[in-house]
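Here are my notes for your first look at this chain. Keep the structure open and find each place as you read.

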Amino acid sequence: MPFLLCCFSLGKLMGNSFLRKLFPALRRKSFLAWQIEITTRCPLSCRMCIRQGLPEWEKADMSLSDFRKLVPYFNDVETVILQGWGEPLLHNDLIPFIGAAKGERPGRRSPSVGFVTSGKGLDARYSSELIDAGLDFIGFSFAGSSAETHEAIRVNSDFRELITAIHEFNELKQRKGTVQPRTHMVYLMLRDNLHDIPNLPRLARDIGIREIFLVNLIHATTPWQDSQRVFSCNDKVDAHDILSETEARAREVGVHLKFPSLTANETLLCDENPLRNVYISVTGDISPCVYLYPPSTPRFKRIFCGQEHEVRRVSFGNILKKDIGRIWDSTGYQEFRDQVRCRVQSAGKILFSSFLLADNEGRAATSPLQEPPVSCRTCHKMLGV
């Protein structure tokens, strides 16, 4: 049987219950990702952080004993992200967390485990422990390709220290003879750091990183943050030449570059995907995504397209007190997901109706999309950016 046909046939046959029993490790897991907040503490004072506009910040760490209560559920999770609104490297039990998440699971695949970090405090010893623990991926946050730009935005960060730590981390991987964990660069695009973006590919190449993710500022809590958004809610932002130049430079040095849309367009399902992803706060509260449960007051501020809104934190239960199945199937959580699901389905109905119900002049009949959940209506993620 030709190789491609063999692969295709196996994918088709995986729907067969006999093969699912025969190859349990290849079963589709129910959850794509669980993002677990292990700490809300951070040594930096980044200007784009939501803490700048949410002064009542709850500083806390998740205990190792509480984290171990989550581990049995990981059999049904593809990826575990050990990060919320804090710096993972600050947690004294980060290495045991990784070990627990990557533990042996007879007949099941361990989840992919990783996080994004500022790199603050990452020395040779810590790097070695992270690699040996079996970490799958680690992203390093940048706000500039120069010390001047980066440190002006990520206050209390040391650019040279970060560059050295990443370079030594990747060299240590080579000495240990492993490609894991995969390293990538996460660059938050702001109007104040757009000019630094074209230099990122060469910088990444030089420190051993082959993948760059450019991301938008989603949750703004101060006027400065809102003014720094690279995307616009109403018109296009003139940054495409910069991104095109960066793409060309990335190809030249063999670095993969991925960036989001800069034009706001209503999206059906945001990439947080609450249908298959879960966010768990440092206290164990279950929420559809990280932007709906900051460690602040029950009502928090959010600036959406220039207008300030007050949003209530969303939690459907506490996983340290109740089984995830009961939380997932609770009435409130099901209603939330049904709104998301109906929105996606309504788009298909509109498209189908546009063919069937067009008038004599060929104009398509239209109807509005199903509204997303109330808490999502003032989130920039719903604009597809």
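This is a predicted model: local features need pLDDT of at least 70, side-chain atom pairs count only at pLDDT 80 or more; totals for chains, interfaces and linings use all residues.

1. Now the whole chain. The average pLDDT is 88. A score of at least 70 is reached by 85% of the residues. The chain has 385 residues, and 50% of them count as buried. It holds twelve helices and eleven strands. Take the contacts between residues at least 6 apart in sequence: 73% of them join residues at least 24 apart.

2. Look next at a helix pair. Helix α4 covers residues 94-101, and helix α5 covers residues 124-132. Their axes are 9 Å apart, and the packing angle is about 10 degrees. Angles under 35 degrees count as roughly parallel, so α4 and α5 are roughly parallel to each other. From α4, the contact uses L94, I95 and I98. From α5, it uses Y126, E129 and L130. Five of these contact residues are nonpolar, one is charged and none is polar.

3. Find T40. It sits in the loop between β1 (31-36) and α3 (64-70). Is T40 buried or exposed? Its relative accessibility is 0%, so T40 counts as buried. Its side chain reaches the backbone oxygen of E58 at 2.6 Å. Leaving aside neighbours within four places in sequence, T40 is in contact with several residues, including R51, W57, W85, V282 and P295.

4. Move to L243, in helix α10 (residues 240-253). Its relative accessible area is 3%, so L243 is buried. Leaving aside neighbours within four places in sequence, L243 is in contact with M189, L214, F259 and L262. Check P198 as well. L243 and P198 are 45 residues apart in sequence, yet their C-alpha atoms are 7.4 Å apart in space.

5. With a relative accessible area of 57%, E266 is exposed. Which residues does E266 touch, not counting those up to four places away in sequence? They are R343, L369 and M382. The side chains of E266 and R343 make a polar contact at 3.0 Å. E266 and M382 are 116 residues apart along the chain, and 6.0 Å separates their C-alpha atoms.

6. Last, some backbone details. Most residues other than glycine have a negative phi, and most peptide bonds are trans. The peptide bond from Q180 to P181 is cis, with omega near -5 degrees. P181 is in the loop between α7 (159-176) and β5 (182-188). N156 has a positive phi, near 85 degrees. N156 is in the loop between α6 (147-153) and α7, and it counts as partly exposed at 42% relative accessibility. N273 also has a positive phi, near 40 degrees. N273 is in the loop between β7 and β8, and it counts as buried at 15% relative accessibility.

Key
Residues are numbered from 1 along each chain as its sequence is written. Side-chain values use heavy atoms; hydrogens and water are left out. Axes are lines fitted to C-alpha atoms, for helices over the stretch in contact, and angles run from 0 to 180 degrees between N-to-C directions. Helices (H or I, at least four residues) and strands (E, at least two) are DSSP runs, numbered from the N terminus. Angles under 35 degrees count as roughly parallel, over 145 as roughly antiparallel, 65 to 115 as roughly perpendicular and the rest as oblique. Contact means heavy atoms within 4.5 Å. Ala, Val, Leu, Ile, Met, Phe, Trp, Tyr, Cys and Pro count as nonpolar, Asp, Glu, Lys and Arg as charged, and the others, Gly among them, as polar. Buried means under 20% relative accessible area, exposed over 50%, partly exposed in between (1.4 Å probe, protein chains only). A polar contact is a pair of N or O atoms within 3.5 Å; within protein, one must be able to donate a hydrogen and the other to accept it, and residues adjacent in sequence count only if both atoms are side-chain atoms. pLDDT is the predictor's confidence in each residue, from 0 to 100.
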